[in-house]
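Let's take a look around this model together. Keep the structure open as you read.

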Amino acid sequence: MGQAIAFYALSFFILFFAVLVVTTKDMVHSVLFLVLDFLFVAALYVLLGAQFLAAIQVLVYAGGIVVLYLFVVMLVNLKRPPEAYQDPHRRRNLGLALSAAILLEVGAIATYGYVNPAPALAAAPLVPGISGNTEEVGWLLYTSYLIPFEIASMLLLVAMIGAIVLAKREL
Amino acid sequence: MIDNLVIPLLKIIIVLNATLVGVTYMVLLERKVIAWAQSRLGPMRVGPYGILQPVADAVKLMIKEDITPVRADKWVFTAAPIIAMVPALIVYAVIPFGDTTRLFGREVTLYISDINVGLLYVVSVASVGVYGIILAGYASNSKYPLLASLRASAQLISYEVAVTLTLVSVILVAGSLSMVQIVRAQESAHVWFLFVQPLAFGIFFIGGLAETNRAPFDMPEAEQELTGGFHTEYSGMRFALFFLAEYANMIVVSSVATTLFLGGWLRPFPNVATLSFLDFIPGWTWFLAKSFVFLYVFIWVRATLPRYRYDQLMRLGWKVLIPLAILNLVVTGIVKVLIAL
């Protein structure tokens, strides 16, 4: 009962701040609402018992990436150059198509979830012989999900090198 | 009911109040120590030897006029000091001040909570604190605060990397992220991690100075270049919040350093039986004494060292501390594997 109330309250705030992120005119305020949104998502992780993921969410997203967003928003000149003439309906049509696709997707997920209800979360640890949230995540990452994990880290390395090459034309 | 609600609430109230009182007296201590370092007396007027000076300061700051610049971003301007202060305070939730003790016939743990990801919680909450500084500079709509806040955020982000890497090597040695478990690991290893990880300790301490914007890395508030720093436009209680947040962060860094490297609440040489007569001193006294040493060194460093130049600061962070921290981490990992073989 308490969990359900907390879940719906958190979801409400997450959606509320997400809407504010896209509707606020001032870009800095919009980024700040994004931080709040990430913090509430972290709270949702805590509610689901994933403390490690929650701490990482705050550390990486709220404390790291969004700081860089803020830098970009504060430092980049926001005066837009005059745009070339475009079909005024183009954006609206694109938006309609996108929202229709997302609506379909959410509907499909909801129907699927209704037809095959998810099994109740097991109280026993995922990995036998290992207790603790961090240990479980680490164990799974380096056993069952090793290849996706390595691919993701490769991707990050490539992105890092790419950023350095782009930023420094002459090495 | 009592165990789940009343006792944690009492602990929170005690820790928060103790912190705030500690912070105000840190200010006095700093003024006194720096005065002694410069052959002055320091505050002497309010109370004997000036010990009531913090009260006078608090009253002064509260009755001062509270100004918001006309062109400031009002909401962000108001929120920034709060954002700076809150992370500095909620970190205390996971800091273990002592072991389990009996108080009034009840087992009480001398920490608010012991979570599985304690150290990660400290790091992540601290990483949110940088918003207070960036936003203060941005919302003031004034040149020098903006420059100062850009400097500050670049500095905090750079040194966060080195500090977090040293924490990882401590985690490797301790085998846990929980602050309480880290202290227990030092108890069962019979040695403070200061002696196992001296390099990590050094980097953590230098990084701690930079993370709290303390001299010799107090670039964000370099008066000669930036008038007052990121809080130039703030007055009264809002300015005081920034000020208190800085000192609260110093106490946080000292407590984390004590927990990770100096054995937290353990007495010195916890393995030597001949020193067991020291056991009558409660653990939290040791914890406070060790943290106090750190705080004193913070002030001592400020009285001694001149300020770094900004490019020197960045070079030290990226070209010295981060490579050393990575090296330390790799060596720690190799040694740990070799020992386990």
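## The core

The largest nonpolar core has 111 residues, and B:V122, B:L135, B:L244 and B:A248 have the most contacts inside it. A nonpolar core here is a set of buried Ala, Val, Leu, Ile, Met, Phe, Trp, Tyr and Cys residues joined through C-beta atoms within 7 Å; buried means that 20 or more other C-beta atoms lie within 10 Å of a residue's own, with C-beta atoms placed from the backbone. Helix α11 (residues 236-261) of chain B gives the most to this core: 17 residues.

Now zoom in on B:L135. Leaving out residues up to four places away in sequence, B:L135 touches B:V76, B:A79, B:A80 and B:I83 (contact: C-beta atoms, placed from the backbone, within 7 Å).

## Where this comes from

This is a predicted model, where local features need pLDDT of at least 70, side-chain atom pairs count only at pLDDT 80 or more, and totals for chains, interfaces and linings use all residues. Residues are numbered from 1 along each chain as its sequence is written, while chains are lettered from A and ligands numbered from 1 in the order in which they are written.

## Chain B meets chain A

Here 17 residues of chain B are in contact with 16 residues of chain A. On the chain B side, α4 (118-128), α5 (130-139) and α6 (143-174) each give two or more residues, and α4(B) has the largest share, with six residues. Helices are DSSP runs (H or I, at least four residues) numbered from the N terminus.

Methods:
Contact = placed C-beta atoms within 7 Å. Buried ≥ 20, exposed ≤ 12 C-beta atoms within 10 Å, placed from the backbone.
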